[in-house]
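The exercises below are meant to be worked through with the structure open beside the text. Try each task before reading its solution.

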Number of protein chains: 2
Amino acid sequence: MSISDNLRPISVSFTLKDHTFQVLREAILNMDIYAPGANLKLDERQLAERMAISRTPIREALARLAQEGLVEIIPRRGVFVTRKTREEILEMVVVWAALESMAARLVVRNATDEELATLRNFALRHSSDPERAEFKEYSDDNIRFHQAILEMSGCELLRTTADGLFLHIQAVRRRAMGESDRARRSVADHMEIIEALESRDADLASRSVRKHTMRLHDHIHKTWSGLKHAEEQKASALEAK
Amino acid sequence: MSISDNLRPISVSFTLKDHTFQVLREAILNMDIYAPGANLKLDERQLAERMAISRTPIREALARLAQEGLVEIIPRRGVFVTRKTREEILEMVVVWAALESMAARLVVRNATDEELATLRNFALRHSSDPERAEFKEYSDDNIRFHQAILEMSGCELLRTTADGLFLHIQAVRRRAMGESDRARRSVADHMEIIEALESRDADLASRSVRKHTMRLHDHIHKTWSGLKHAEEQKASALEAK
DNA sequence: GGTCAACATTTTGTATACCATACACCTGAT
DNA sequence: ATCAGGTGTATGGTATACAAAATGTTGACC
């Protein structure tokens, strides 16, 4: 056995560009972009230095992130993680509702009883005690619940399309969870969705999902008047440099 | 009045990268990517030469196009315009149905009677003589009809999300239009959709739109068994080099 | 003391040079 | 003649050099 047997190529097709894209995406996902003093400016040279590569793959990765809507490239100014305005968040919730309610239809048609059972377990885990204030844990499961529906639809494109909204929806759901009576309401909604799915009634399932998500929409619409609008954001983003 | 008053500067933020992105996007949109012998390979150097710029902005534009799904970058091989497989097309139709049926709900809520009237005019233009074989013209109006619904929803994100699918859906709709009894069926569907919108019944409108689009889905599912699958596509794309 | 302008610095946009790889073609051996 | 191996070439990936623009700073003048 020669030593070269262990020199298996890292991976047939590995490019710094793709790697950088994933790393940056992950990094942005893990930072709380809605925290007040968050550093939204991404410095190319700094990133390049820290990852010990040149600016070129960084820039190509940033171009992709920009297309995905995660960052905004302002010519001659730099790239900034985009904070969504209240209106944009509302639109994202609408699109999410569209995607997930369609997913629910497909789940009714395609999912096995076993899959539905795992979904039920998700929800049951918290239904016994919806009052408990383990918001962090619950909201994680809550998000996973919705992702599971997208996945069980079997339509890959529904899932990937929703993925683009995911980062922001996740932040929004976490934030909304603690407000008013939403946690309890959410648990009830989830049970209703599961029952609709189990009854194999596409219209009912679709409607349950849509109503659930649109409740989030209405909640945001009513209570989050404080979110910054586009102009203010731009201003504060620049000053934060 | 000095001469400098007319020297308003071209545009404050103009980058070759963005310009290239738009030009390439437009170019890909205008070529019939499903034509049998289409040239799917994009040569960076050739593009750079022809546009008289360097490869850097080309590559950043290509990275964005790849993220949008219009092209596929195979490391060390090149970039190719992506032809969708039958399964991917079916998924796109599903997502389209999800988006447009949600848009219909919003149209019911938000659109003015005048807007609905213009939509009706679109459809009436062809309802008198659905047999006529002016497929090209009709299918253009057909596509515009659906775009109009997305636009009238007032939800920008619904529209832009659908835009990503648009190129392929458009090609598919054109192709399907001539098959079986779809043209007549389409005209009838459109009238039904308009009436549902005018009745301001969100559920009805949503269902009409969804059923209309899903009919396209079923049609493709049943009749387009001939479309290439992923492996064949890759093979033919490479040989076309 | 404040304001504006010129200069320095920082940072992005673009071009180009270089490197690595995939593939084709050529050569030689069986 | 055919196939294996090697070598050359074309092409994409990465690094770096350079240009242009925006911002920060300093200093002079009001």
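**Exercise 1.** In this predicted model, determine which residues come closest to DNA strand C, and which elements supply its surroundings.

*Solution.* Begin with the neighbours: 17 residues surround DNA strand C, and the closest are A:Gly78, B:Leu16, B:Ile53, B:Ser54 and B:Thr56. Next, assign them to elements: two or more residues of this surface come from each of helix 2 (44-51) of chain A and helix 1 (16-30) and helix 3 of chain B. The largest share, three residues, is given by helix 3 of chain B.

**Exercise 2.** Carry out the analysis for DNA strand D, and state which helix gives the largest share of the surface near it.

*Solution.* Among the 17 residues around DNA strand D, those that come nearest are A:Leu16, A:Ile53, A:Ser54, A:Thr56 and B:Gly78. At least two residues each are supplied by helix 1 (16-30) and helix 3 (55-68) of chain A and by helix 2 (44-51) of chain B. Helix 3 of chain A provides the largest share, with three residues. By class, the surface near DNA strand D holds five nonpolar, five polar and seven charged residues.

**Exercise 3.** Describe how helix 2 of chain B packs against helix 3 of chain B, giving the angle, the distance between the axes and the residues in contact.

*Solution.* The first step is the geometry: helix 2 and helix 3 (residues 55-68) of chain B pack at an angle of about 120°, and their axes are 9 Å apart. With that angle, helix 2 of chain B is therefore oblique to helix 3 of chain B. The crossing of helix 2 and helix 3 of chain B is right-handed. For the contact itself, helix 2 of chain B contributes B:Glu44, B:Arg45, B:Leu47 and B:Ala48, while helix 3 of chain B contributes B:Arg55, B:Ile58 and B:Arg59. By class, this contact has three nonpolar, no polar and four charged residues.

Note on methods:
Residues numbered from 1 in each chain as written. Chains lettered and ligands numbered in written order. Predicted model: local features only at pLDDT ≥ 70, side-chain atom pairs only at ≥ 80, totals over all residues. Near = placed C-beta within 6 Å. Helix = DSSP H or I, 4+ residues; strand = E, 2+ residues; numbered from the N terminus. Nonpolar A, V, L, I, M, F, W, Y, C, P; charged D, E, K, R; others polar. Axes fitted to C-alpha atoms, helices over the stretch in contact; angles between N-to-C directions. Parallel < 35°, antiparallel > 145°, perpendicular 65-115°, else oblique. Left-handed = near helix turned anticlockwise from the far one by under 90°. Contact = placed C-beta atoms within 7 Å.
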